Structure formats: C-alpha cells, structure tokens
Amino acid sequence: MARGKVTIQDIADALGISRNTASKALNGTEGLPEETRNKVIKKAIELKYKQFSLIEPENVLPKSSRNIALLTENLPNTSHFGSTLISGLEKHISAEGYNLSIHIIREIEQKSLTLPNNFDVDNVDGIICIELFNLEYSRLITDLGVPTIFIDCSAHVCYPEFQADILLMENEHSTYHLTKKLIDGGYTTLGFIGDYNHCMSFNERWSGFNRALTAAGIPLQAEQCILDDDRLFFATPEWAAGKLQAMPKLPSAFICANDYIAVNMMKALKQSNYSIPGDIAVCGFDDGPEACIIEPHLTTVHIYSSEMGIKAAEMLLSRIESPQQPYQVTHISTRPVIRESTPEFKQ
C-alpha cells in the first residue's frame, strides 16, 4: 500500500472492526475499551496511517512541515467573499510560520475520488476546504487523517459522523429575520430561489425561510419557489426569465440563496416590466459588490469574510496542536443589510 494512502477504512478492515469504531479509537472518543483503542493505534502505526506515519516504536513525534493546503473547487475571484476570507486566513497562518498552498479540485478528480497530482499528503500539517460540497470527496479528505477544517460543507453532512471541524457563516437566523420583516410588513406570499441541497449554507437559509413562514402560519407555496439544481442557475441569461414566466403567479417577495441569484432574478423581473420593490421585493445573501451596483440596491446579509478566514486559521492551528479535541461546528455572526429592493422597515 502506497505511503500516505492509508485510510481509516483500511485500518478497520485489517482488524475486522467497523470504520466507526476505528475512527473513535483514533480520535480519542470516550467509552471505547482501552484494549480496542490500543489495537487500532498499533495497527495505524504499522500501516503508516498519516496521523502516525512518522511515529517509530520509541514514540518520536513527527516533524512539522509547516505547510497548510487549501483545497477548493473554484478559486474565488475578487467579487467573491472567499477572496477576502483567504486573505485573512493567509495572513494569520503566515504569522504563525506556516505556508499556504492552493489546490484546485477538478470535476474529474471528484468523480474518480482522487487527489490532485500536485498535492503531497505527507507534506502538509493541515487542510482547509472551501466550496467542496461533494460528500464522498469530503470523506476521502477526512480519511487522510490530516487535521482538516471545512469552510461550508455538503448539505448532507451528518455532524456526529463527520471527522473534521466545520466553519459556517450564520445563515438561518439572518434569513429568518429578513423573511419575518417582510411578513410583518404585510407580505403574505413569499418564494425561495436557490438549490437548498447545494451546500450547508443554502440549506440553513432555506430552513430560516421556512421557519419564518411556519411561525406566521403561512403555507409554503412550492410553485412560487425555484429550487432547481444549482448548476442551472448559471445557464443562459434567458433561463431565469423562463422560470419566472412559467410561474402561475409570482409571489410578493423573493428570498434568494445568494446575491448572484438575486441580481439575475432582478434583471429578469425588470425585463418583464416588474417594479422592484413596488410589484415584488427581493432579498439576497453575501453583500458582495454587485449588491450596491444593481438598481435598486439589494437588501442582503453581510458576511464578515476576513474574520471568517482568521477564525478558520485559529481553528485549524488548534486542531494541529491538539488533534484529539472534540470536533467543532462554528458559526460566525452575519448582519442583515436593508436596501431599496425591499420596502423600508426597521432593522
């Protein structure tokens, strides 16, 4: 077996135990017999599992490479919150003496569940994943045994089983806040636009939207929502207009999963001669530069991107220092920003 390719499943198979048991043993979970834990750790050392690959019988600790790898499906551009996040992250880890390398995970690698050629798992102390929402590929990374943090993650992650730290912006409460404000302002028909299975953040925004409807006793009108696969939202410019035209009746307000979707929907609405917010109100999420370029300016939710980058670095460095600590799921506060795409109301 090639060095650096050993997974938790390999250890479990070698001992004839479940992957869950092997994972608990390697992560110091309480309640496991000490004999079982010792067997798993011994086998991990024998197979040169990443976490123990450099540990010899005399328990010499592995040397630090001082390298952090950032894995992402898309390299964020300057208008994306991720570019500011990465800047804050890089400054913090550089101050601690670590180098940051960026690796783009292509679609072919995700389908084949293979790591990029330029990624050397034996030469990194920690991994940061941004916009990696494929659950199987996420498990491939966590099985490497390297301290890892995901900044946002798959919508289908089950926290108790996921062997990595997760950092998210606060999504549900801010979306609930905006939806409730619209309802309190007299809006009784509201639609959600976005693929809530795209990622955990979109899923939490969808939950916040539905929670506000439920609290107000307003039934969800599925025919007034656009919940298609996320890739379709990047289709032709006519796609958004076609989806709106196919609706039997438009709602009085749209809550969109992000600003990109909101801006495209606003353009399609204006092309169809709808007034915003006169005929229909629109909200987004991200507070990117486009939110203040589109007319009218977009009501949205501000993300503290730089602070998220710093927090991600702190969490990962803490994990490297103390790998046996309990995994964390952390949310960084967000802030609703009211602009002209919705009626005026107190924030």
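This is a predicted model: local features need pLDDT of at least 70, side-chain atom pairs count only at pLDDT 80 or more; totals for chains, interfaces and linings use all residues.
Buried here means under 20% relative accessible area, and both Trp206 and Phe209 fall in that class. Searching the whole structure turns up 7 aromatic pairs.

- A pair of aromatic rings is described by the distance of the centres and the angle of the planes.
- For Trp206 and Phe209, the ring centres are 6.1 Å apart and the planes meet at 25°, so this pair is stacked; the cut-off for stacking is under 30 degrees.
- Both residues belong to helix H8 (residues 200-216), where a spacing of 3 residues puts about one helical turn between them.

**The Phe234–Tyr260 pair**

- Phe234 and Tyr260 make another stacked pair, with 4.7 Å from centre to centre and 20° between the planes.
- Phe234 sits in the loop between H8 and helix H9 (237-245), while Tyr260 is part of helix H10 (residues 259-271), so their pairing ties together parts that lie 26 residues apart in sequence.
- Buried or partly exposed? Phe234 counts as partly exposed, because its relative accessibility is 49%.
- Tyr260 is likewise partly exposed, at 33% relative accessibility.

**Arginines over rings**

- Arg205 lies over the face of Phe285, 3.7 Å from the ring centre.
- Arg211 has its charged end over the ring of Tyr176, at 4.0 Å from the centre of that ring.

- Three strands form an open sheet in the order S6-S7-S8, and the pairing is parallel.
- Which strands are at the edges? They are strand S6 (190-193) and strand S8 (281-283), each of which pairs on one side only.
- On average, neighbouring strands of this sheet are turned by 20° against each other, direction ignored.
- Strand S7 (residues 253-256) pairs with S8 in the parallel sense over 3 bridges.
- Take Ala253 as an example: its bridge partner in S8 is Ala281.
- H10 packs on this sheet and touches S6, S7 and S8. The direction of H10 makes about 160° with that of S8.
- H10 is also the helix that holds Tyr260, the partner of Phe234.

Note on methods
Residues are numbered from 1 along each chain as its sequence is written. Side-chain values use heavy atoms; hydrogens and water are left out. Rings of Phe, Tyr and Trp (its six-membered ring) pair if their centres lie within 6.5 Å; planes under 30 degrees apart count as stacked, over 60 as edge-to-face and the rest as tilted. Helices (H or I, at least four residues) and strands (E, at least two) are DSSP runs, numbered from the N terminus. Buried means under 20% relative accessible area, exposed over 50%, partly exposed in between (1.4 Å probe, protein chains only). A charge sits over a ring if NZ of Lys or CZ of Arg is within 6 Å of the ring centre and within 35 degrees of the ring normal. Two strands pair if DSSP finds at least two bridges between them. Axes are lines fitted to C-alpha atoms, for helices over the stretch in contact, and angles run from 0 to 180 degrees between N-to-C directions. Contact means heavy atoms within 4.5 Å.
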